[in-house]
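Subject: Structure handover

Hello,

Here is the structure we talked about. Please open it next to this email and read along.

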Amino acid sequence: MKLMKLILILSIFSVSACMDASGSMSNSRTNTSKSSQLASEELALLSEAKSLVKQSNDIITRNTIDGALVGAAIGCGLSLALGGNADDCVSGGLLGGVTGAAVGNNAGTKAAKANETLVKQKQIINKLRNVNVKLDSIEKKLLSVLKKQNEEILSLETQLRAGQISDGELKSRVRGINASRKALRSSLQQASSKIDKAYDRSVKLENSGEGDFSASKIAARSTKKRLTSAIKKISILSL
């Protein structure tokens, strides 16, 4: 991050310092101010992208409530909540300290299993929802930063044609922008890889008989699509 900041600053000031004597002082100050502001926006966007990677990491965590323990400790309560009756609780002989292996009540066990599936799926979807909230902010900033970067390059090309800057100064800024874009794209690709794992985990849970994880798979696919779209928007400028 510190290296990226240094690259951006150097690329900006190498351009702002090359205004020739015919360029007005006010224009030079304006250009420098805009470039500095853009650099801050680039760094802020990259910081959010890195934060997104952390947020996407370990989306899939094992349910903190062990399935067998759920079946033993709260099978009776869940049985009632999901349509069982008092006889189900009695026949199961469920007590708070009874282990899952001792559960003799099918209704309680099924209820516990259903609850475990809901809890796991809710964990996945809630984390994906948080990722998408962060992605909302990144998408808005991304479009703004890319637009300003492109406009800056067009302005520098105009200055180059007018003899106000050298080709080396233009290329220096292009390299700075490309470094920023590559780092940003890399972070979004890492986040996308984490989402792939979230989808794969949901599939594995289904295949292992954990229940229907269609909702979490849909959420993962939707998030993946948004990330792919954002990544495609980040093009590398030619020197």
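**Surface and overall make-up**

The protein exposes about 12,800 Å², and carbon and sulfur atoms supply 56% of that area. Please keep in mind that this is a predicted model.

The fold is quick to describe. There are 8 helices and 0 strands. Along the sequence the pattern reads α-α-α-α-α-α-α-α. The protein has 239 residues, and buried ones make up 39% of them. I also looked at contacts between residues at least 6 apart in sequence. Of these, 80% join residues at least 24 apart.

**Cavities**

How many cavities of 30 Å³ or more does the structure hold? The count is 2. The largest cavity contains about 50 Å³ of space.

Which residues line the largest cavity? They are E42, L45, L46, V145, L146, Q149, S180, R181 and L184. By class, that lining has 5 nonpolar, 2 polar and 2 charged residues. Three helices each supply at least two residues of the lining: α2 (25–56), α6 (106–161) and α7 (167–207).

As background for this part: rolling a probe the size of a water molecule over the atoms shows where empty space is left.

N178 sits in helix α7. Is N178 buried or exposed? N178 is buried, because its relative accessible area is 8% and the cut-off for buried is under 20%. Setting aside neighbours within four places in sequence, N178 is in contact with I236 and L237. With L237 there is a polar pair to check. A polar atom of the N178 side chain lies 2.8 Å from the backbone nitrogen of L237.

K182 is also found in helix α7. Its relative accessible area is 47%, so K182 counts as partly exposed; that class runs between the 20% and 50% cut-offs. K182 and I234 are 52 residues apart in sequence. In space, their C-alpha atoms are 8.2 Å apart.

**Where to start**

- The N178 side chain and the backbone nitrogen of L237, 2.8 Å from one of its polar atoms.
- The lining of the largest cavity, including Q149, S180 and R181.

Send me any questions once you have been through it.

Best wishes

Note on methods: Residues are numbered from 1 along each chain as its sequence is written. This is a predicted model: local features need pLDDT of at least 70, side-chain atom pairs count only at pLDDT 80 or more; totals for chains, interfaces and linings use all residues. Side-chain values use heavy atoms; hydrogens and water are left out. On a 1 Å grid over the protein atoms alone, a cavity is a set of points where a 1.4 Å probe fits but cannot get out, and a pocket is an open set with protein on both sides within 12 Å along at least five of seven lines; lining residues have an atom within 4 Å of a point. Grid points are joined across faces, edges and corners, and a volume is the space filled by probe spheres set on the points. Helices (H or I, at least four residues) and strands (E, at least two) are DSSP runs, numbered from the N terminus. Ala, Val, Leu, Ile, Met, Phe, Trp, Tyr, Cys and Pro count as nonpolar, Asp, Glu, Lys and Arg as charged, and the others, Gly among them, as polar. Buried means under 20% relative accessible area, exposed over 50%, partly exposed in between (1.4 Å probe, protein chains only). Contact means heavy atoms within 4.5 Å. Accessible areas come from the Shrake-Rupley method with a 1.4 Å probe; for residues, only the protein chains shown count as cover. A polar contact is a pair of N or O atoms within 3.5 Å; within protein, one must be able to donate a hydrogen and the other to accept it, and residues adjacent in sequence count only if both atoms are side-chain atoms.
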